[in-house]
Amino acid sequence: MGRSQVQRVLLSTIFAAVATQARAQARADSGAAGGGQQVDSTWLKVEHKKKAVTVRFELIAGLTGLNGALNFNGFRDGGLTLTVPQGSTVIMHFHNNDGMLPHSAEVIADQTPVPDGPVAPVFARAFTVRLAEGLPPQGDDTLKFVPDRIGSYLIICAVPGHGKQGMWIRMAVADKAAKPAIAVTPPPHS
Amino acid sequence: MRYWDRWGLVVAFLMNVALPAHTQQPTGGAAVTTAALEKAASSGDWLMYGHNYWNTRYSPLTQITAANVKNLVPKFVLQTGVERLGSFETTPVVVNGTMYVTTSVTPNNIVIAYDLRNGGKVLWRYEHKTQPVSTACCGPNNRGVAVANGLVYLGTLDGELVALDQQTGKEKWVAQVGDPAAGYTETMAPLAIGDRVIIGTAGGEYGIRGFVKAFNAATGAPLWTFYTIPSPQEGGWWGAWAKTTPEGNDLHRDIAKEKGDSAKYADAWQRGGGGVWMTPAYDPESSTLFVSIGNPSPDLDGSIRPGDNRWTDGIVAIDVNSGKIKWGYQTIPHDVWDLDAVSPPAIVTLGGKKAVVHAGKSGWVYVLDAATGKLIRKSDAFVPQENMFALPTPEGTRMLPGANGGAEWNPIAINPQLGYAYVAALHQPMNYKTHYAPWEKGRLWLGSAFVAIPGPEGAQWGYVDAIDLNTGKLAWQKKTEQPMMGGVTATAGGIVFTGEGNGFFDAYDAKTGDVLWRFQCGAGVNAAPAVFQLDNDEYVAVAAGGNFQLSFPLGDAVFVFGLPK
């Protein structure tokens, strides 16, 4: 590969990366175009005690008016990904900020289409109470679970119709050395 | 109410009352005739959603009184056995001892016919194969059936109108009313009038173009469609660019900007909202339907739908034969608070003239001249109002009432002897936030967020209000523990029945508002009751199955109360 060819590949890679990032940001802004929800670093806290890792995540239903408030943390349709290391303890604090509708949350296997209601959670206790009925406005619950399998998962609102209407984000379980993170991500089908 | 008006009502009452429709004109378990429906106001049966065409929810029965209501006991507890994930909002229709009940739609629409003379035995059960619907914004529900001419009519969540054989529950015909994938769903009880069946559509949270439709009652063939959002050819939905409500409240509109933007959003009417959630009132004498029309779409973001957005938030009079509009009264032109007209209108006689009464989510009761649509009066506020018509912002604006009202879909009841309207109302402080969003087919489209306010500032409760229609003043007001969602029914026995989200079913003194009796049903009582006569006894029936949207305890039972033998 000659120098110019290397430059072309490098440039195309950079352009592709920039385009991907731009698409992701556009998607995050769209649906709500103008909403422009940004990732808030305070949503995520990580504690290390000896070899144990605890990941605390604020999961906020209906944070913004995006998608008629059918969103988590201002994102919909997989537009946000929470990455956690395998074997960590995940403590997800759920809060319903929507003033009109009940909401819930559960972690499920990656699937298309998103189910229209509750399904079996993929990790033990990775769900809020009243999964189908949802928790009322200002309702709270805590999901505490250990993601023991590497892979790609969904966090959905299991109130019938809500997940299907776009109220879901992603959760990735990476290897044990991975650093917990939250990031805007492109939706799976764009 | 003037002296002679009051006596006129009493005389009319005595001339018409008291016997069930089936004793005046036999309906048996079979056909309910047009004549019976037109006389429903004087019937001891409960023949349609609002009891009678005037939607007054006023039973002429007098056996249960303020003196003996404390003795009421459950006579039947009819558990429907359906899944409990929806709101149980049906008002039973009762024809000569047969009770027709619809369930919450979880996942299928169901109608059950109970034989009350035979211990509540199920005569038949119809289960509609309802397509999965993800466009029921506030939870799946159904509010009841219409019964006429040997058929039972049901609107389904997946946008169909179904006619069932009244004797067997078998389907006779099915008509498509709207596309559920685009947000058109049916939750209201249809209205049977002569050879036609009337039905509207829900879906104002999905960018629909609302309508009322008439179908041939015998065949299901479509007869006419009245679009609640007029097209440009029909005069457009721009309206008069009103800077205030018709009563003069400043709406804080930037009319110049709206006009400047009107070309850019010229097609907004095509998804302008205007759902019709509830059963219209009907005046047979003038062949006029009175319809309450829901919010514009998107709910809070008015910047992308310039104009008055006619006829959203309106009460509209429609000719039942042609589907043409006679008049319209927009309670809030260019609404950006979702304070729409949802509660079904009722017709009353005031000062010798017919008037249309509507309890708004705005927190006022509107009394309109039925012939002209002119405002006769607006009542005192029946819920707290604060910072009214302050514009929503991206940061959030606190305003009362919250977006559920005021009066939500809850039907009102009228006591013509007292001249009172009874309203079940909500107090839900909220912050109104705008959030731009483009329309997407079948997606919730609010252009906004309604954010509940935590802590004491956001405390929620409800009211049962009595409004004197002759003065607009509050005759009495009773606070309830939770926001009221369900509706009210009144009787000539001087009782007002309504239920609460905490499971209590209550009887109020119609004149004073004193609570005379209550019963804990074990699940939210969030439906409007029916009162009826079976042989020589008076009963009151109510669905106790909670409310999905407000997270009131869910259940599946219809309670039927009567006096002990």
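Why is strand E10 (residues 151-155) of chain B largely enclosed by the rest of the structure? In this strand, 5 of the 5 residues are buried, where buried means under 20% relative accessible area, exposed over 50% and partly exposed in between, with a 1.4 Å probe and protein chains only.

This is a predicted model, in which local features need pLDDT of at least 70 and side-chain atom pairs count only at pLDDT 80 or more, while totals for chains, interfaces and linings use all residues. Residues are numbered from 1 along each chain as its sequence is written, chains are lettered from A and ligands numbered from 1 in the order in which they are written, and side-chain values use heavy atoms, leaving out hydrogens and water.

Strands (E, at least two residues) and helices (H or I, at least four) are DSSP runs numbered from the N terminus. On one side of E10(B), B:Leu151, B:Tyr153 and B:Gly155 are buried; on the other, B:Val152 and B:Leu154 are buried too. Two strands pair if DSSP finds at least two bridges between them. The table lists the two pairings of E10(B).

| Partner strand in chain B | Bridges and direction | Residues between the strands | Residue with positive phi |
|---|---|---|---|
| E9 (residues 146-148) | 3 bridges, antiparallel | 2 residues | B:Asn149, near 55 degrees |
| E11 (residues 160-165) | 5 bridges, antiparallel | 4 residues | B:Gly159, near 80 degrees |

B:Tyr153 takes part in both pairings: B:Tyr153 is the bridge partner of B:Ala146 and stands opposite B:Ala163 in E11(B).

**The interface of chains A and B**

Contact means heavy atoms within 4.5 Å. By this criterion, 34 residues of chain A are in contact with 29 residues of chain B. The area buried between the two chains is about 2,400 Å², and carbon and sulfur atoms give 55% of this area. Buried area is the accessible area (1.4 Å probe) that two parts lose on being put together, summed over both. A:Met100, A:Gln138 and A:Gln165 supply 26% of the area that chain A buries against chain B, more than any other three residues.

**A buried loop residue**

B:Leu446 lies in the loop between strand E28 (430-434) and strand E29 (448-452) of chain B. This leucine is buried, with a relative accessible area of 8%. Not counting residues up to four places away in sequence, B:Leu446 touches A:Gly68, B:Glu205, B:Pro298, B:Asp299, B:Leu300 and B:Asp301. B:Leu446 and B:Asp301 are 145 residues apart in sequence, and their C-alpha atoms are 7.4 Å apart in space.
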